[in-house]
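Open the model in your viewer and keep the selection panel handy. We will go from stop to stop, picking a few residues at a time and looking at what is there.

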Amino acid sequence: MRTDVAPTPTLLKNYTPPNFQIDRVYLDFDLNPAKTKVRSRLELTRLAQGALELDGDDIILKSVKLDGKDLKRTDYRLTQTHLILENLPDNCVLEIETECAPEKNSTLMGLYVSGGRFCTQCEAEGFRRMTFYPDRPDVMSVFKVRIEAEKEKYPYLLANGNCIDEGELPGDKHYAIWEDPFKKPAYLFALVAGEFDILEDSFTTMSGREIPLTIYVDPGDAPRSKYAMDSLKRSMKWDEEAFGREYDLDRFMIVAVRDFNFGAMENKGLNIFNSVLLLADAETATDMNFERIESVVAHEYFHNWTGNRITCRDWFQLCLKEGFTVFRDQEFSADMRGATVQRIKDVRALRSRQFPEDQGPLAHPVRPSEYMKIDNFYTSTIYEKGAELIRMLKTMLGANMFRKGCDYYFDTLDGTAATVEEFVTCFEHVSGRNLSQFMHWYEQAGTPIIHVKRTPQGIEIKQENPPTPGQPEKDDRVIPVRWSNVSDDGQNDDEELEILDRGSVIIGSPTTGSTPSLFRDFSAPVVIKTDFETEDYLRLMAHDENGFNRWEAGQTIARKLLTNMTKSIQAGKVPKVDKALKGYTSALRNTLSDSSFDPAYKALVLTPPSETEILQGLTDVDPVAVTLAGRWLKRAVGDHLRSELISTYHAMQDDGPFSPSAEAAGRRALANRSLALLASRMDPQAAPLAINQLNTATNMTNELSALVTLTHLGGRRIDQSLEDFYEKWKNNPLVIDKWFAVGASRPGPNALFYVKDLTKHAAYNNSNPNRVRALVGSFAMNNSEAFHKSDGSGYAFFADQVLDMDSRNPQIAARLLGAFEVLPKLEKSLQYQARKQLSRVIKSKPSKNVLEIASKIAN
């Protein structure tokens, strides 16, 4: 909805409990794509004086009854967004009938149609698009749902909980009744109806209950959901062992849909997934797809306790369920795929997505104090930084005390809508520690900067908390520092834990021939600035027994190299081959030849910091210079390690059957990283190797990697390779998403024209979030030369796409627009061009979602 009136923000300090609780909810859906009828019956009990205010959006009110009596239009107030009833009895029954049009619902919130099937998405404010209801997470109720529809078109009728009845109806229709015995807020409601293939299995819980498991997918896709089923069963077992959490309902279901705004949704007992995060096989899914499926299946299942059984009191507490659950899925992935490798991947993602958010115009606390549209706060700060806060709690309290705190949380707050304060109090209760200062992590935006320097007394560690929008001054935070001392002879001292809870501390004692290994395993989400020399980091690369910090030492050298190279390129100079670069490439060679490291770790060591990460350390910068610096460094690495890369590429080949295991994926990752580095130096062997790999690959990981390599090598061959890939996979939408992403990232002077042409391609669907993210999102995030063109044409094209999407799906449009958060880092002429497009977006009277993001960045 567009409006000329400036939207009013919602404030945490204005929270008030609801005036009524809803003891039971009965819903009756008569499904029809053009006009679905929804009848609701709400059993109400008054909690406080005041009116009953029910939310509603884009639905037609047909009738209202109070205790069986029809109400007249004068008995209630109906606005564009609310149904308000005054002077209700303390206990009463309210019946409401509404109509909605699922086939016209392009927002993909509430009830909509995807691929001829009915589907719902209710988090955060989608339930109100079906019926009038207090659509807030602290109103929890027991739901019973009746669904009826044409049997031939919609043979499966699904909802939360347990199916208690089903049967035939006149007119070739049928019905099903579902009941969820556990109280839940409306955002966890789910309904699905349609024709599916199914994959069935079962899981026996630790108490001996056998739980049927069913995955519903497009016809013909059942075999591609086997890995998701395996991931689900491993998740259920892991949650019992790691957190003592057993599944509670009599069955568990997952449905895959193609049109979905999110990755997946944890609806109680009926998870709904974006198909890209559920379907996989060797031929069509990459190793990253398998990893993401494993992680997200676990994440949504873990929500059963951290999000469903205990939910959040209000949307300001979103981090309570998401941060805790991300931490849990990260721990699960670490156990499945190796702790060090997984920690590196998690930190790379944090630095590429959350650190820029924390340092830019969209910065907000892990628990925000206000929002215009809650949809805009499903951010990396809420999720990934929220998980880091849970990790710090575990580090400070120790694993055993942390588990006790979790158990106390589950035992005392089960069935409630909780707050961050209640969560933290649980850990105070079991540990006897005062964690009030720890709350600053939830309340303050921004990434702390840690300054480290050698002094005559030892190593000084000092914290700085820079200002962020709306928070010019900050309090000191509680920062856990895991550290050890690493000597030239390879000796690592016993690891210690220092808690930095004031301005600065001194650790250790003055030593020579050694370097402190600080913030081991990234014990706090901070930016670290030291006075260490390159030799210190080379010492850590050679001798640090902590795998993460050994990797981090190489990343630190690479960041300094890339920063200096960017400055040189932007000044019109050629980067120098200096001592630091020679030491870095020599250390990489030693790591590559060390058989004690697994291939997945080596592949990560050979991967430089992301362009986004380098941008965060610069100001007044041209992002294209960062891209060119990255190419220069990769070419230098390729030059120095050429023979090792060629031999590694061949040594990592595997002619056996495909396996999605961490070990097999690691071998493919190292082989493809070696090929990419050879291509970065335009090695004469790179193109033949890539062409052969593209033509003979038996898995999508190798096939797509070869296509990307050829795309970056350029030349006439790439057009034919892209066309051949499309013809081969044109009937598989998930693979074609990958094809669009490769095209969007294609380098060269004509890249923008190529991307514009792709928006006119027959396979491009500008209403499908996956397809739009693949093309438009990849263009903005992975093609700096085209996106950041000096004449602003890349920005103008991007703004056009955002506005086009905003007319149908404001959530996706607002998330895309976040690509402009880099604006404060840009050199002045690019800032001007970006602001011009943001001004155009704001003047177009966009949705509240887009207006909030555009206004924050432009200011």
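Start with two helices, α10 and α14, which are oblique to each other. This is a predicted model, so treat what you see as computed. To find the pair, select residues 547-570 for α10 and residues 623-640 for α14. The two helices pack at an angle of about 125°, and their axes are 8 Å apart.

Now show side chains where the helices touch. On α10, pick Ala558, Leu561, Leu562, Met565, Thr566, Ile569 and Gln570. Which classes of residue make up the contact of α10 with α14? There are 11 nonpolar residues and three polar ones, with no charged residues.

Next come the charged pairs. How many salt bridges does the structure hold? The total is 72, and we will visit a few of them.

Select arginine 309 and aspartate 248. Their side chains meet in a salt bridge, 2.7 Å from N to O. Arginine 309 sits in the loop between α2 (287-302) and β22 (311-312), while aspartate 248 sits in the loop between α1 (226-243) and β19 (252-257), so this pair ties together parts 61 residues apart in sequence. Both arginine 309 and aspartate 248 are buried.

Move on to arginine 454 and aspartate 536, whose side chains form a salt bridge at 2.8 Å, N to O. Here a strand and a helix are joined: arginine 454 belongs to β25 (residues 449-455) and aspartate 536 to α9 (residues 534-543), so the bridge links parts that are 82 residues apart in sequence. Are these two partners buried or exposed? Arginine 454 has 34% relative accessibility and counts as partly exposed, whereas aspartate 536 is buried at 6%.

Now select aspartate 683 and arginine 681. They form a salt bridge whose closest N and O atoms are 2.4 Å apart. Aspartate 683 is buried, with a relative accessible area of 3%, and arginine 681 is partly exposed, with 24%.

Notes
Residues numbered from 1 in each chain as written. Predicted model: local features only at pLDDT ≥ 70, side-chain atom pairs only at ≥ 80, totals over all residues. Heavy atoms only, no water. Salt bridge = Lys/Arg side-chain N within 4 Å of Asp/Glu carboxyl O. Helix = DSSP H or I, 4+ residues; strand = E, 2+ residues; numbered from the N terminus. Buried < 20%, exposed > 50% of the residue type's maximum accessible area, 1.4 Å probe, protein only. Axes fitted to C-alpha atoms, helices over the stretch in contact; angles between N-to-C directions. Parallel < 35°, antiparallel > 145°, perpendicular 65-115°, else oblique. Contact = heavy atoms within 4.5 Å. Nonpolar A, V, L, I, M, F, W, Y, C, P; charged D, E, K, R; others polar.
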